[in-house]
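Hi,

Here is the model I said I'd pass on.

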Amino acid sequence: MSVAEAAVAPGALSGRACAHCGLPVPAGLEPAAGAVPFCCSGCATAYALIRESGLDQYYRMAERRRAAVRSSGRSFEEFDHPAFHRLYVRAVPGGLSETDLYLEGVHCGSCVWLVERVPLLVPGMARAELDVRRSLVHVAWDGAHARLSEVARTLDTLGYRPHPFRGIKAEAVRRAEDRAMLARIGVAGAIAVNTMLVSLAIYSGWFSGMESGTLRYLRWICLLLVTPALLWPGRVFFRGAWAALRTRALHMDLPIAIALAAGYLRGAVNTAIDRGPVYFDGVATLIFLLLVGRFLQQRAQRAAHDSAELFHSLSPATARLVDGPAIREVPAEALLPGMVLDVRPSDTLAADGTVIAGRSALDLSLLTGESRPLTAGCGATVYAGTVNVSSPLRVRVERAGEATRLGRLLAEVEAGARRRAPTVSLAERMAGVFVAVVLALAAVTALLWWRHSPSMAIDQAIALLIVTCPCALALATPLAVTVAIGRAARAGILIKGGDALEALARPGRLVLDKTGTVTEGRPTLVAWQGAEDVKPLVLALERHSTHPIAIGFLEAWPETVAEAATRVIHTPGGGIEGEVAGRHVVVGSPSFVAARARHRALPVLEAAAAARTGVACTPLAVAVDGRVVARGAFGDVLRADAPAALAELRARGWRLALLSGDDPAVVADVGERLGFGPGDRRGAASPEGKLRAIEDEAVHGPVVMVGDGVNDAAAIARATVGIGVHGGAEACLAAADVFLARPGLSGLVALTGGAARTLGVIRGNIAFSIVYNVLGAGLAMSGLINPLIAAVLMPLSSLTVVLASWKGRTFDAPAAAAGGATP
Amino acid sequence: MSVIFIVLPLALLVVLAAVIAFVWAARRGQFDDLETPAIRALHDDPERKRDGAPPPPGRPSPE
């Protein structure tokens, strides 16, 4: 805090902390005497904007974010496009337009303050409201005086990069659902508490005596109270039971509806004839507790869903359209065949097309699983979803939107998700057995008591139905699942549905993608042979490139300080050359370097290093002033924790398989090192091939698919449980049931272990509620039950289930959780 | 005990009022976001530096 505060007054401190974010100013960026220090130009711009608008108060806030501002500098022009407005923008009365935007980098109170003051910076903007938990800002502006692109640019300048929020329609539905659910819970809760109070008076009347008139009055009050609880909040159970009956499926709602209806009708009849027990307090409490359990589960699953959505980083689906001499940004939805696109390095292609100018390397790994970039020149066909890695391209659109290969793949994903057989949860299967047993017992009870007295027979049978109400049984799963999902999220595992947990609890078939899942999915320097003084020269050149190899060099030698390079020339498919400190440096493929070197003898790469790189490596050479001085190799290395994680999974009984779109030789090599047998590894699988492979596996039993790319998405959607790993493609994460938010595969081990323990907790809960029900049924059949015992037993059983779910050790949050990637 | 014939309905009327208030608030979206308003309350009102500045944010959206 002292750093942040002192930074407001430049000169008061050492002058080496950034005035905007408080981070240390890197060497070489120290300001001239008296000037304000900044760690980056983004911070300088944000600082100027904030000062100009009189929002200096921001710098006095105790808790401020500590990250340099990386404004993207994009124009956000596509935000003004009619196609964008059709998709995301709503018009509201009063001439205003509204939309929701996801913001990157929101995390604390000062962010709320700053973002909500953006209307002071943009004339014509009416308001901005930030939901800090979901990083979602709701903006409203006057279309006549302001444009959405201005709003977006301002947010971007402040360091909060905006993304369109795609679920805007689903969000409205969901919000209405949440509000209705909350209202139901409130009503049910108020009724339950008050019915309990009145019932308490009735029970105490048993012991101390009560005038029959008062008793009758209290019973009528109870009936009056419970009726709306049954008609409004309780209606959801009857609707669920009706749907279950129509589809001939056994659902938890069925026994609940029977218990509610039996309890209510019996109570109503007994109140009317002024004789026999009433169970109104039990009915009201049951409705309330079950609604709360459901609400909690829904919220936990949504929170996981939201976080996963944020992690997609929501690649803006835009393209740069060449329009005469100008280039405009347009939404991908607005593209038509025949248009010409400008694709910069590191851009993702928005449509399928043909290259008409330029030559560049394309990263297809997310689309096909191929680990090495492919070179594409004039006339080559390129696909949406691939990333341009090295130099600019002009592409003529052939197919756009749903007609692209990516679009068809996404259609497959949806179809795959629809074909998936709905999983019947353990509690639901138990409910089926439970309903049958309870109904049989009720019939037996009625028969046994019939000879004694027919009216007693009906009383006892209904008492059995009520006392064995599946309160604990119905709460057992939602509570255990809710707690587990919440704890898993803290450990960086986002679980979107409870049925996934149950399916992961028992070991079965687990299919893994290779590129990006068991491997890092990007080139890493695996072998290097050369003098130390060559490294700064290489880095000087590679700083000018966005090619994955260049990034690999920067990551391999983080401590090496690069020198300045001039006259840098990229040759796609070859390498890079330029002048560094007066010397001519060439880095690239051995043939590219050899063609530019006078001394062609290349140093021989050590046998050990060559063996380590395997077949999947890209060799490289470096020449300085015409002499080859160094050699290296890049390869897609295994994730560091992959061997240990896979061994652990095998030890737990999972049958693992490798399914990749990469070259079969590479797959065989990687598979061999990880212990996959020849029958358990398959290469050159197309996305459709992966889907078929999963379908074939699914015939034999549940199958889990783990992947990262668009090429895995259809298979992930079709699998019993689909798991997306950190860094995966958006389509894949959207299709996945579980998303690992931290890099590496150790999350898989934690996930399966946690799922098994969760199922253990659920089983314990169900076992307990069965014991309770057997006890209750026994009492009812022997005619010993009365409403007081039922009223005590029912909440007691629920409470036990709540405690057991809460204390159950399902997912352990690792120590790393504090600084982890969970938002 | 006859007082209960008057007091109990009165108590239930109070409960009814509370329930109506809760349902109204839930439907207006007062419980949609339980985190941000708590942070917002800690901030001072903005000083109006510019003419025609819009009103301070922080009101719930009328939906």
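Predicted model: local features only at pLDDT ≥ 70, side-chain atom pairs only at ≥ 80, totals over all residues.

Residues are numbered from 1 along each chain as its sequence is written, chains are lettered from A and ligands numbered from 1 in the order in which they are written, and side-chain values use heavy atoms, with hydrogens and water left out.

On the interface: 34 residues of chain B touch 37 residues of chain A, where contact means heavy atoms within 4.5 Å. The buried area between the two is about 3,200 Å², with 61% coming from carbon and sulfur atoms; that is the accessible area (1.4 Å probe) that two parts lose on being put together, summed over both. Five residue pairs are in polar contact across the interface of chain B and chain A, both residues at pLDDT 80 or more (a pair of N or O atoms within 3.5 Å; within protein, one must be able to donate a hydrogen and the other to accept it, and residues adjacent in sequence count only if both atoms are side-chain atoms).

On the chain B side, helices H1 (4-28) and H2 (36-40) are the elements that give two or more residues (helices are DSSP runs of H or I, at least four residues, numbered from the N terminus). H1(B) gives the most, with 12 residues. By class, that side has 18 nonpolar, four polar and 12 charged residues, counting Ala, Val, Leu, Ile, Met, Phe, Trp, Tyr, Cys and Pro as nonpolar, Asp, Glu, Lys and Arg as charged, and the others, Gly among them, as polar.

One joins Arg175(A) and Asp32(B) at 3.8 Å, N to O. Arg175(A) sits in helix H7 (residues 168-208) of chain A, and Asp32(B) in the loop between H1 and H2 of chain B.

Lastly, Ala645(A), Glu648(A) and Leu649(A) in H23(A) meet Ser746(A), Leu748(A), Val749(A) and Thr752(A) in H28(A). Those contact residues divide into four nonpolar, two polar and one charged.

Cheers

Notes
Salt bridge = Lys/Arg side-chain N within 4 Å of Asp/Glu carboxyl O.
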